[in-house]
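Let's take a friendly walk through this structure, one piece at a time. Have a look at the picture below, and then we will begin with a pair of strands.

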Amino acid sequence: MSRVGVLGAGAWGTALAQMLASDGREVLIWARETELVDEINTSHINSLFLPSASLAPTIRATGDLAEVAALDVLLVVTPAQHMGSVLGAMPTHPRDLVLCSKGIEAGSGRVMNEVASAAAPGSAIAVLSGPTFAHEVAVGLPTAVTLACGGGEAQWERLKPVIARPAFRPYYSDDVTGAEIGGAVKNVLAIACGVVDGLGLGQNARAALIARGYAEMLRFGEALGAKAETLAGLCGLGDLVLTCSSTSSRNFSLGKALGEGKSAADLMVDRHTVAEGAHTAPVLVELAARHAVAMPIVGAVNDLIAGGDPRNVVSSLLARPLRAEQESAG
Ligand SMILES: NC(=O)C1=CN([C@@H]2O[C@H](COP(=O)(O)OP(=O)(O)OC[C@H]3O[C@@H](n4cnc5c(N)ncnc54)[C@H](O)[C@@H]3O)[C@@H](O)[C@H]2O)C=CC1
Ligand SMILES: O=C(CO)COP(=O)(O)O
């Protein structure tokens, strides 16, 4: 049986470890925080990032990257901005890396599979993404995800018995780029939907924003070589609908607080959980410009993160010239 582990003991890494351990198998999880290693091993809880879950006794935590490097399959669940440094600090890498983080690396503009391929050139890379709030997965509520395998069907055959559980259904895809873009872009759009909620603009506005945001996701994906049908699936539209309609989303909640008038700087300082969309928005604006893709909603979120007034930003969006719904200029 493949030896499996998780890199990163935030809410999502911990929930994935719990999901993997639900059939009694042993799961190793790497935690950056020493106190978390001790707590998971002795009290079987993660009070820092997923306090609601009572963890399976077959989950063992380690702070030693060499231990997780020796596994067969490693789910990589660090925040997007730290994936390169954590993978780079590992002495070797497992045969299969399954990337579960959602974001784009600031500065380089690299999507996660580019970051991972550069840090671990010998590993086969897959991307796991879909509608998956950590606290629901941790208690065994059902969901389904896209498992996009850069190693094609041979990798899918290796990974599906390791990852599938009765309440956790992976669907195969060969479109790694599409799976990554869905997760990265929806985080930014979730901030926008939170702003609409915080400003009290109504449910019509939110639905319109989801549809127009999805059009931005499709245009951007197409420019980077993603398949439209991937973005219409679990990792795109599925995750967009979830994250854009719930205060369980950190991105949505961040947007809601911005819409309610809190300052972006205050909201970002001292966060101990990650709202990836705030880090993705600036780099996504740069990439969209580089590829000549119109992404006005992403641009508006970027303006808000930079300190713009939500009412002015929404007014500017609403004042854009009227055009055909399917026009590529957005
Ligand atoms: N929480 C969720 O429901 C889901 C999260 N994700 C994605 O999973 C990724 C991780 O998110 P969460 O587990 O929710 O994180 P979290 O917000 O629960 O925890 C923060 C994590 O960041 C780590 N961290 C902080 N500074 C670091 C550094 N300098 N180097 C390396 N790691 C550092 C902490 O150790 C901790 O694991 C994100 O990309 C997120 O978008 C994806 C699906 C669901
Ligand atoms: O990606 C997620 C659910 O699929 C989690 O969203 P947040 O990071 O906004 O909480």
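Strand S4 (residues 73–76) and strand S5 (residues 96–99) run parallel to each other and are joined by four bridges. Within this pair, valine 73 sits opposite aspartate 96 of S5. Keep in mind as you look that this is a predicted model.

Where do these two strands belong? They are part of an open sheet of eight strands with mixed pairing, ordered S3-S2-S1-S4-S5-S6-S7-S8. At its edges are strand S3 (59–62) and strand S8 (168–173), each of which pairs on one side only. From one strand to the next, the twist averages 25 degrees.

Helix H7 (residues 152–163) lies across S1, S4, S5, S6, S7 and S8, at about 145 degrees to S7. Helix H8 (residues 176–198) lies across S6, S7 and S8, and its angle to S6 is about 40 degrees.

Next, let's turn to some annotated residues. An unreviewed UniProt entry lists a "binding site" whose residues include Ala9 and Ala134. Alanine 9 lies in the loop between strand S1 (4–7) and helix H1 (11–20). Is alanine 9 buried or exposed? It counts as buried because it has 28 C-beta neighbours inside 10 Å. Among the residues alanine 9 touches are Ile29, Ala31 and Phe49.

Alanine 134, for its part, is in helix H6 (residues 134–138). Alanine 134 is buried too, with 21 other C-beta atoms within 10 Å.

Definitions and conventions
Residues numbered from 1 in each chain as written. Chains lettered and ligands numbered in written order. Predicted model: local features only at pLDDT ≥ 70, side-chain atom pairs only at ≥ 80, totals over all residues. UniProt positions renumbered as here; feature names shortened; annotations may be inferred. Buried ≥ 20, exposed ≤ 12 C-beta atoms within 10 Å, placed from the backbone. Contact = placed C-beta atoms within 7 Å. Pairing = 2+ DSSP bridges. Axes fitted to C-alpha atoms, helices over the stretch in contact; angles between N-to-C directions. Lists of a residue's contacts leave out its neighbours within four places in sequence.
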